[in-house]
Amino acid sequence: MKTLLKKAFKKIRKTYEQPMWKWVLAILLISFLLEFLLEIFGRRSILKAALFVYHDPLVFLYNTSICFMTLSISLLFRRRAFFLALVLVTWLTMGVCNCVVLGYRITPFSFIDITMISDVFSMMDIYFNTAQQIAIFGGLILLVILIVIAFISVPKMKGKIHIVKASIVVLISFTIVYVMTIVAVKTTLIADEFTNLGTAYKDYGFAYCFANSVVDVGIGKPDDYSRKNINNYFLDTYHLDDKAYPKEKPDIIILQLESFIDIGRVAGVNTDKEPIPNFKAFQEEYPSGWLTVPAIGAGTANTEFEIITGMKSKVFGAGEYPYKTILTDTACESMPQVLKRIYGYGTHAIHNNKAKFYSRDQSYASLGFDTFTSLEYMKDVNYTQTGWAKDDCLPNEIMKALDSDEEPDVVLCISVQGHGRYPKQELKCEEHIKVTLDSEDPELTNQFGYYVNQCYEMDQMILELKDMLDGRGEPYVLVLYGDHIPALPFEEDQFTSGEQNQTEYVIVNNIGLEMEDRDIYTYELSDYLMRGLKMKRGIMQRLHEKYFDAETGDEEAFKAAATEMQYDMLYGERYIYNRIEEYPRMDMKLGIDDIVVESVEFNDATGYIVVKGQNFTTFSMILIDDTRTDTTYIDDETLIVVPEGTATKPEPGTVFEVAQIDKDKHELTRSNAVTFQD
């Protein structure tokens with residue numbers, strides 16, 4: 001082994017003696033091979049990668065130039081071979097990640113996924129078995145070790161490294177990419193705004209799209225952005241609410257159903273009975289239509305963002321989730337903010353997944369929510385065999401939110417039961433619906449069978465919710481819709497109605513809401529709903545009526561107005577807040593009910609420490625003098641600490657608290673403190 005390494009290092013030293021032009025040619029060749037490999041990973045097919053090169057040679061060359069630009073930076077270092085290999089391995093790692101990600105979802109890998117690495121680790125048990133997890137973590141550790149060893153071992157260049165020549169090569173490569181980008185965008189060879197991220201990766205190549213997701217974050221300053229334009233938008237739309245006088249202020253429940261669609265739209269998938277009878281019955285009775293969503297197979301957070309803000313997520317960076325970026329600390333106009341300010345609504349968010357997923361524990365405060373009930377604060381939760389919380393807990397949580405105050409409420413509820421990964425090897429669920437495929441593929445049959453049966457249970461849940469709302473006797477509006485199609489391997493022409501970026505919505509209500517059936521975009525829904533309720537709206541909703549009305553609207557004018565207003569509110573000078581009061585970030589409470597410790601007892605017979613209180617959940621953990629302790633959940637009023645060895649009674653004065661600890665060991669909140677008395 002040592003002999004092989006010595007020979008390798010000798011060859012590396014010899015390459016350092018080669019003239020600069022040979023290095024440039026070598027890096028150029030490596031760039032071609034690298035880009036072709038990245039396309040193989042991204043398309044999961046050698047043939048499809050070859051067809052991309054054949055049909056779009058200029059786009060392939062442009063992506064190659066990006067690879068060359070990054071690899072050429074290695075010429076500036078004495079450890080030239082090491083840095084060349086490091087950049088090469090980084091690209092290949094991103095390509096492999098993209099290949100793996102596309103095996104579980106439709107949306108490709110982008111830079112935002114790296115920022116969500118903690119969320120990824122928390123879902124490892126769902127997407128990978130134990131052997132796969134060991135292989136992944138082992139591979140990452142091995143990669144780090146190899147990089148460290150290589151850095152120490154790979155020889156340096158001796159003598160001059162020709163820094164001027166190397167800098168010229170790097171500068172030229174950057175200039176070429178810069179000029180090519182401008183020309184390619186102007187000639188529409190590539191686009192700098194992606195309508196669909198998955199399609200963009202296929203059309204414009206992995207290197208460009210991934211690099212774009214790194215540098216393109218937030219909303220760029222519009223060319224004509226000015227105080228005058230913002231004032232004009234305000235003045236042009238202010239009068240639109242002059243005649244807005246609601247007859248009543250109903251509770252508004254917005255229920256986003258994970259991956260929920262009518263599977264009858266999909267050719268080649270057969271069921272022995274209707275999987276979603278209640279949703280379809282609601283469509284016949286109440287306002288409904290197609291809902292065009294901003295993502296395919298993933299992107300839940302951007303669908304809900306558009307629904308409640310009226311903003312377009314596409315004007316942010318490629319693949320960006322505003323929940324993970326600007327909304328973590330910047331307040332934003334939203335339907336909850338407007339309803340709270342104008343009509344005094346209580347505002348509540350509910351999600352049967354962890355609080356920190358998509359940074360909802362921070363972003364929901366920016367969107368105007370008083371409370372956020374996440375999985376860590378829910379009782380009596382059932383789980384699917386793949387590890388997701390079932391949605392049958394949601395009706396009770398919604399009722400709890402509605403009953404928590406006297407005023408009318410707006411409740412945003414995000415479901416999770418229909419989430420992938422959909423199991424291939426067996427059905428892994430109770431079979432309410434028998435699913436068969438024309439293809440008779442056994443793995444696909446299991447995947448579709450699992451998915452359809454989750455939709456059936458979700459459909460039963462919405463009927464239960466409607467019955468509970470009817471029985472409550474208060475006026476309500478219940479908006480139901482799917483966030484995107486499921487992450488299943490659909491063919492491009494497999495949908496017999498609607499498009500792949502469309503789901504269905506329905507507005508169930510008990511107030512005789514007179515609204516026509518209409519096909520809408522997600523960012524239209526808040527305006528469409530609030531106009532139907534004859535309520536005053538925010539500036540974003542009024543922009544829809546002014547510029548995006550179904551009959552008289554101008555889509556280009558709307559895009560310009562919406563982009564400029566979103567920029568001003570979130571990134572710009574905030575001129576609009578000279579006209580309206582600025583929206584605040586809420587001091588949002590996690591969970592509706594306080595978690596309370598009432599007493600601490602020591603059981604001499606068993607050695608157990610028994611903590612009594614209220615509203616405990618399976619995520620509650622006892623803290624003894626601020627130290628986390630292995631806790632056994634008995635019920636919502638009882639937690640115990642079971643001694644590992646000889647039981648020791650706590651000393652008088654020992655402080656006990658209960659904290660809500662999520663799956664990733666983050667503390668979310670903690671209870672009052674109780675001091676142990678002997």
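**View 1. Arg-43 is a buried residue, with 14% relative accessibility.** Buried means under 20% relative accessible area, exposed over 50% and partly exposed in between, with a 1.4 Å probe and protein chains only. Glu-39 is buried as well, at 2% relative accessible area. The two side chains meet in a salt bridge, with 2.9 Å from N to O. A salt bridge here is a side-chain nitrogen of Lys or Arg within 4 Å of a carboxyl oxygen of Asp or Glu. Both residues belong to helix H2 (residues 20–43) and sit four residues apart, about one turn of the helix. Helices (H or I, at least four residues) and strands (E, at least two) are DSSP runs, numbered from the N terminus.

This is a predicted model: local features need pLDDT of at least 70, side-chain atom pairs count only at pLDDT 80 or more, and totals for chains, interfaces and linings use all residues. Residues are numbered from 1 along each chain as its sequence is written, and side-chain values use heavy atoms, leaving out hydrogens and water.

**View 2. Lys-390 forms a salt bridge with Glu-457.** The closest N and O atoms are 3.3 Å apart. Lys-390 lies in the loop between strand E5 (371–374) and helix H18 (394–402), and Glu-457 in helix H19 (residues 442–472), so the pair ties together parts that are 67 residues apart in sequence. Glu-457 is buried, with a relative accessible area of 17%.

**View 3. Asp-403 and Arg-472 join their side chains in a salt bridge.** The N to O distance is 2.8 Å. This pair links distant parts of the chain, 69 residues apart: Asp-403 in the loop between H18 and strand E6 (409–414), and Arg-472 in helix H19. Asp-403 is exposed, at 52% relative accessible area. Arg-472 is partly exposed, at 25%. Elsewhere, salt bridges that share partners join Asp-241, Asp-527, Arg-531, Arg-537, Arg-542 and Glu-545 into one network. The whole structure holds 28 salt bridges.

**View 4. Nine strands form an open sheet with mixed pairing.** Their order is E10-E3-E9-E8-E1-E6-E4-E5-E11. Strand E10 (520–521) and strand E11 (589–590) stand at the edges with a single partner strand each, so one side of each has no neighbour in the sheet. Two strands pair if DSSP finds at least two bridges between them. Strand E1 (residues 251–257) and E6 pair in the parallel sense over five bridges. Across this pairing, Gln-256 stands opposite Ile-414 in E6. H18 packs on the sheet and touches E1, strand E4 (346–351), E5 and E6. Contact means heavy atoms within 4.5 Å. The direction of H18 makes about 155 degrees with that of E6. Axes are lines fitted to C-alpha atoms, for helices over the stretch in contact, and angles run from 0 to 180 degrees between N-to-C directions.

**View 5. Four strands form an open sheet with antiparallel pairing.** The order is E12-E13-E17-E16. Strand E12 (596–602) and strand E16 (632–635) are the edge strands, each pairing on one side only. Four bridges join strand E13 (residues 609–614) to strand E17 (residues 638–641). Val-610 stands opposite Ile-640 in E17.

**View 6. Helix H3 (residues 46–55) packs against helix H4 (residues 57–72).** Their angle is about 105 degrees, and their axes are 5 Å apart. Phe-52, Val-53, Tyr-54 and His-55 in H3 meet Pro-57, Val-59 and Phe-60 in H4.
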